[in-house]
Structures are given as C-alpha cells and as structure tokens.
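Have the model open while you read.

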Amino acid sequence: MHRVFSTRRLPEAAVAYLKNHVELDIWDGAKRPTFEQLVERAQTADGLITSGISIDDALLAKLPNLKCVSTSSVGYDHFDTAAMRRYGVIGTHTPGVLDETVADLTFTLMLAAARRVVEMDAIVRQGKWHGKPESFYFGVDVHHRTLGIIGMGRIGEAVARRAALGFGMDVLYHNRTRKPEVEQRLGLEYTTFEDLLRRADFVVLLTPLTEETRGLMNQAAFDLMKSSAIFVNVSRGLTVDEDALYNALKNGSIRAAGLDVFREEPTPVSNPLLQLDNVVVLPHIGSATQTTRDDMAMLAAKNVVAVLEGRASDAKVISELRDLVKEC
C-alpha cells in the first residue's frame, strides 16, 4: 500500500477517504514541521499533502520514494517545478473549489476599503462618534463604478460576475490570453495593463506569482492609477512592491487598499502599511471558510490517490508538469 504523509491536519472526511486507499501519517504539531522533521517523517512516503512548504531540490533529494506532492491550494509558487521535473515528481493543486469564496472576500475588501468600514468601526469603539462634520464619515460608492481585474482566471470570472451583474459595474480586465466568451457572457472589456490602471476606480490583482508577475505592482504602476482609486490584492504578496504601495497610499497617489496577502507572512507588526488608516488588512484568509477548506482538503486527498493509483489524468496536475502524466 502506498504511504502518504500530510504536513497538516485534515478534516475527518479527507482522513477517512485516504485511509481507504493509502497508509496515512499526519503531522499533528501546532506549527509546520521543520525541514528535518519533514524528512524524518516523510522519508519513505510515496505522496505528500501540504500547503505552502517549499518543495525544492534539497527536500526532493531526501525523499527518494516520492511520486506526488499535492498542495491544498490553487497557488503553487512554493513548488520548484524544475526540480520536481528532474525527480519525476508530479505536483497537483486545488483549483475550482474555492473560486466563489475568494471572490466573496475580494468584494469584502473592496467594500470595506471604499466605505472605510474598519476605520469607522474603530471610531465607534473608541467613543469618537461625535463632534465631526458629516463629510468626515463619507466613503465612495462601489456600484456603477469601473473595476479593473488583472488576471482573469476562475476567481477573476467570479469577481467579474458579481461586479457586472450585482453591482452594475463596468469591468475591464487584463490577462495573458484574451477570453472572448467571458467578455460576451459578462460584458467585459479587454484592455492593456496600463490602460486598465489609468481607467479603473478599483484595481483587483488576481495573478499567480511568476517571474513575470513578481513586483508587477510597482511605483510606475501605482503612478498610473487615479488618485481616487482603490487597490485590492488577493493574489500573492510578492506581486506587489510594498514600499511603493506604502508611498502611494501615504502621499495620496491612490485612495486606499485592501490586502489579504503580504510579501512576508505573517507580516510583522512593524510593517508600515499597518500604520495607515486607509488600508484594510487580513491574514491571508481568501478561502478560509469551513466548507471551502474541507472541499480543498478532499480534493488534495483525491489528487494524491489518483496519481499514486496510476490515474494521474484524473488529478488536478499543475500545468508545468502535465507532460509527466503521459510518462507514468
């Protein structure tokens, strides 16, 4: 029987499924296993279930039996795909099951930043709800404004649908490939990266982290945005130059921001972005509902079992390693 090690606790349904197919070992520590602990526990494992742990040459060299790494996430920037290819290790992820939940959170950040929800909450709690002119409490409308989405994958489509059909927004998008069917179905407008930044009242970043998108939102990008615009990042922290974002927010180049991700996670309390009233911050909780996380864990479990049982074509294999499936 194949052996699978999970670096994180799993919901009961996923555990039961795995135990019907493989010999399962689960890390039960409160913190992630260290490199040494991971190597010790997974040394004979055929499959690994994880989320966020770096899969690189150093680790793969220590796990000679490993055939599959299944991450319980859509993003897989923690995978060194070149190293995985050299070792013939297939990588899988969990797209689809979290799209609507992350889209909900994206709109939460848009609305919270636009209507200054966190700032106003603090005013009420601190007993400062008095003695100010009416205009002090004003935010900005979301409905019937222009939304720009950078990265039109499944989550981008879910955000666009909410914006166009629910809030009457005009939606611009920029993506590596144009999507005419989505444009027609939702009334979207495809445009360049620079044109989107110039025209959008809300800019939402939904790209994966790649060498092309690392630091995509830099000083030049923020300088193109309207001074009244709001920036939202629910992709990966390293897609944004945080120093440039801080400067743009501090000097009024843009109005506000909503952030679920940071270049360092957990972000330290010394991060200057946390000192700004016009920033709404969250601890990377885009998919964090019980139902969605359970669904992600189950898909991660089914992915690793499919690969180990020789059914890799049934798994959600990451695009860079799909050709390895043909070699299995």
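## Ground rules

Buried here means under 20% relative accessible area, exposed means over 50%, and partly exposed is in between (1.4 Å probe, protein chains only). This is a predicted model, where local features need pLDDT of at least 70, side-chain atom pairs count only at pLDDT 80 or more, and totals for chains, interfaces and linings use all residues. Residues are numbered from 1 along each chain as its sequence is written, and side-chain values use heavy atoms, with hydrogens and water left out.

## The sheet

Five strands line up as β2-β1-β3-β4-β5 in an open, parallel sheet. Strands are DSSP runs of E, at least two residues, and helices are runs of H or I, at least four, numbered from the N terminus; two strands pair if DSSP finds at least two bridges between them. β2 (23–26) and β5 (90–92) sit at the edges with a single partner strand each, so one side of each has no neighbour in the sheet.

Strands β1 (residues 3–6) and β3 (residues 47–50) pair over three bridges, with Phe 5 opposite Leu 48.

## Salt bridges

The whole structure has 24 salt bridges, each a side-chain nitrogen of Lys or Arg within 4 Å of a carboxyl oxygen of Asp or Glu. Arg 125 meets Asp 121 at 2.6 Å, N to O, and both lie in helix α6, four residues apart. Arg 125 is exposed at 67%, while Asp 121 is partly exposed at 35%.

Arg 263 and Glu 242 also meet, at 3.5 Å. Arg 263 is in the loop between β11 and β12 and Glu 242 in helix α11, so the pair ties together parts 21 residues apart in sequence. Glu 242 is buried at 6% relative accessibility, whereas Arg 263 is partly exposed at 42%.
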